[in-house]
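User: I would like to learn how to read the features of a structure. Could you take me through some of them?

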Amino acid sequence: MNKGNIRLRALTAADLPLTLAWHNQEDIRDGYLGHPFPVNKEKEEQWYQKVLTSDLPTTIFGIEVIDTDTLIGVTMLKNIQLIHREAEFAIYIGDEQQKGKGYSKTATQLCLSFGFRKLNLNRIFLKVEETNAVAKALYERVGFVAEGMLREAVFKNGSYRNVYLMSVLQREFKEN
């Protein structure tokens, strides 16, 4: 799946050293709602094996810059509910030098398009910390709507943080 200078592709075993490094970056662990602890090589390999053996279609993609064939991040649809036709969205740019270039927006649009057009999902939702204004603004630009706030839902660095719940429906999604 390509758009502009970005493509989404399947992750490979060769990507594991890079994803391992990203999963151990403090800004990734602290800024996202994922696992807050350092990850070792064995845990990263276990995560990758789980991705490979999933009964669902490929839902975790590497974000790659086409001109340089450089992997810069990961996006995913997880917790897919086939009966309710919904999934949870997540994304991060792990390559510090590639942040702020609009790649997150393009990759988000590609992943949402895959979810709505290929998986026939009806609703894609996400959770974002109240303090992450940059991410919240990105999600609003691509069509996500705030549904509510989960009060003090995340504990990080000694304090509880509020989390917004946002979603976009298939009929609302516009591929720009």
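Predicted model: local features only at pLDDT ≥ 70, side-chain atom pairs only at ≥ 80, totals over all residues.

User: How many of the residues of α4 are buried?

Analyst: Buried means under 20% relative accessible area. By that cut-off, 12 of the 16 residues in α4 are buried, and the helix is mostly covered. Among them are Tyr103, Leu110, Cys111, Phe114 and Phe116.

User: Which residue with a positive phi follows α4?

Analyst: Asparagine 120 follows α4, and its phi is near 55°.

User: Now the charges. How many salt bridges does a search of the whole structure find?

Analyst: The general idea comes first. Side chains of opposite charge can pair when their charged atoms come close. Here the search of the whole structure finds 10 salt bridges. Take glutamate 64 and arginine 7: their closest N and O atoms are 2.6 Å apart. Glutamate 64 lies in strand β3 and arginine 7 in strand β2, so this pair ties together parts that are 57 residues apart in sequence.

User: Is glutamate 64 buried or exposed?

Analyst: Glutamate 64 has a relative accessible area of 8%, so it counts as buried. Glutamate 64 also forms a salt bridge with arginine 9, with the closest N and O atoms 2.8 Å apart. That pair links distant parts of the chain too: glutamate 64 in strand β3 and arginine 9 in strand β2 are 55 residues apart. Arginine 9 is buried as well.

User: Which residue meets arginine 123 in a salt bridge?

Analyst: Glutamate 86 does, at 2.7 Å from N to O. Arginine 123 is in strand β6 and glutamate 86 in strand β5, 37 residues apart. Both residues are buried.

User: Which residues do salt bridges with shared partners join into one network?

Analyst: The network holds Arg7, Arg9, Asp15, Glu64 and Asp69.

User: On to the rings. How many aromatic pairs does a search of the whole structure find?

Analyst: A pair of aromatic rings is described by the distance of the centres and the angle of the planes. The search of the whole structure finds seven aromatic pairs. Tyrosine 139 and phenylalanine 144 have ring centres 5.7 Å apart and planes at 65°, so the pair is edge-to-face. Both of these residues are buried. Phenylalanine 155 and tyrosine 160 have centres 4.9 Å apart and planes at 55°, so that pair is tilted. Tyrosine 160 is exposed, with a relative accessible area of 54%.

User: Which residues do ring pairs link into a cluster?

Analyst: Phe89, Tyr139 and Phe144. The charged end of lysine 136 sits over the ring of tyrosine 164, 4.7 Å from the ring centre.

User: Last, asparagine 79. Where is its place?

Analyst: Asparagine 79 is in strand β4, residues 70-81. Its relative accessible area is 48%, so asparagine 79 is partly exposed. Not counting residues up to four places away in sequence, asparagine 79 touches Glu86, Ala87 and Glu88. Its side chain makes a polar contact with the side chain of glutamate 88, at 2.9 Å.

Terms used:
Residues numbered from 1 in each chain as written. Heavy atoms only, no water. Buried < 20%, exposed > 50% of the residue type's maximum accessible area, 1.4 Å probe, protein only. Helix = DSSP H or I, 4+ residues; strand = E, 2+ residues; numbered from the N terminus. Salt bridge = Lys/Arg side-chain N within 4 Å of Asp/Glu carboxyl O. Phe/Tyr/Trp six-rings, centres within 6.5 Å; stacked < 30°, edge-to-face > 60°. Lys NZ or Arg CZ within 6 Å of the ring centre and 35° of its normal. Contact = heavy atoms within 4.5 Å. Polar contact = N/O pair within 3.5 Å; in protein donor to acceptor, adjacent residues only side chain to side chain.
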